[in-house]
Amino acid sequence: MQEELQQLRTQFERELAQIASLQELEQFRQRHLVRRGTLGQLRERFRQLPAEQKPIVGRLLHELEQFVQQRYQALQRSLQERAEEQLRFDLWLPGRRSFLGGRHPIQQVLDEIVAIFTRLGFQVAEGPDIEDDEHNFTALNFPPEHPARDMQDTFFLTPDRQWLLRTHTSPVQIRLMRALRPPIRAIVPGRVYRNEEITPRSLAEFHQVEGLVVDRSVSFTELKGVLVAFAQAFYGPGTEYRFRPSFFPFTEPSAEMDIRCFLCQGTGCRVCKGNGWLEICGCGMVHPAVLRNGGIDPEEFLGYAFGMGIERIALLRLGLDDIRLLYQNDLRILRQCR
Ligand SMILES: [Zn+2]
């Protein structure tokens, strides 16, 4: 039996060396380590040995059992670790698709516009969404009976109509003039609110970018130069443009800048309403009364201002014709914007 125990040790060693999985290890256990397995049967035979053989064989048997148990447990630990490792790093699993978040199309357009004007030497300024009548209307030269003050256009916050949600970013012009001494050269991105019906073409909440320059010698020519430089940078070099006379209470003279419709190349389409031009920007020389309201002497300083809506630009860029789509957080649309 001593020889048999010696051979078994060699056999166990060989078998254990070939085990590569927990499943194979379990088969080994069933074969040898359970009560009716190889070792169990050996113990049975040991009990029937003559008393004088028992001390020697008993020691050998005990050694064999210890050897097998230790090797079994060590192998089990390392196989379990390897299995867990594979769960964590299975190089053969197909990758999980993930989508990186991106900037909203409106934020992208705002960022690009701000970047272009920053290169042209403008500082970025911001103002509060909640304004008073003074900053939003009166100081900007809106006469008391102006239709923009009507309930239908403005969200008033107090019954006396002194507090409201700003209807444009222009009140920041007054804040800048009152806070800074010229030269002022600022760009103002922001959110504005109007009491409008929500339709494919209008929302009650949207974005504008406002620009203001105040200095000793600024001119309408410089204003045009800045806006043309912007249009070439934003819409592409060679973009055709035109200025049309317009009216705003806070600028005089006032103009509207159009660019050649890039969807139809000027032949006329639904987006440009058939006339081949797209309005992109209102502008003008700051009205002397507005300069005075900002605490700046119109005899000494001149200013120009401009403003543009952001949503329409984002729609044109995405080729969409319903402004509401920009606010529905539909991933099919958002994923088109990088
Ligand atoms: Zn067109």
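Biologist: Which helix does H2 pass in a left-handed crossing?

Modeller: Heads-up: this is a predicted model, where local features need pLDDT of at least 70, side-chain atom pairs count only at pLDDT 80 or more, and totals for chains, interfaces and linings use all residues. Residues are numbered from 1 along each chain as its sequence is written. Helices (H or I, at least four residues) and strands (E, at least two) are DSSP runs, numbered from the N terminus. Left-handed means the near helix is turned anticlockwise from the far one by less than a right angle (clockwise is right-handed), and the helix that H2 passes like that is H4.

Biologist: Are H2 and H4 roughly parallel or roughly antiparallel?

Modeller: H2 (residues 22-32) and H4 (residues 54-88) pack at about 160°, with axes 10 Å apart. Axes are lines fitted to C-alpha atoms, for helices over the stretch in contact, and angles between N-to-C directions run from 0 to 180 degrees. Under 35 degrees is roughly parallel, over 145 roughly antiparallel, 65 to 115 roughly perpendicular and the rest oblique. The helices H2 and H4 are therefore roughly antiparallel.

Biologist: How many nonpolar residues are in the contact of H2 with H4?

Modeller: On the H2 side, Leu22, Leu25, Arg29 and His32 take part, meeting H4 residues that include Val68, Tyr72 and Leu75; contact means C-beta atoms, placed from the backbone, within 7 Å. Ala, Val, Leu, Ile, Met, Phe, Trp, Tyr, Cys and Pro count as nonpolar, Asp, Glu, Lys and Arg as charged, and the others, Gly among them, as polar. Beside 3 polar and 1 charged, the nonpolar count is 7.

Biologist: At roughly what angle do the axes of H3 and H4 cross?

Modeller: H3 (residues 38-47) passes H4 in a left-handed crossing too. The two are roughly antiparallel. Their axes come within 11 Å, and the angle is roughly 165°.

Biologist: Is Leu325 exposed or partly exposed?

Modeller: Leu325 is found in the loop between H10 (311-318) and H11 (331-334). It has 17 other C-beta atoms within 10 Å, so Leu325 is partly exposed.

Methods: Contact = placed C-beta atoms within 7 Å. Buried ≥ 20, exposed ≤ 12 C-beta atoms within 10 Å, placed from the backbone.
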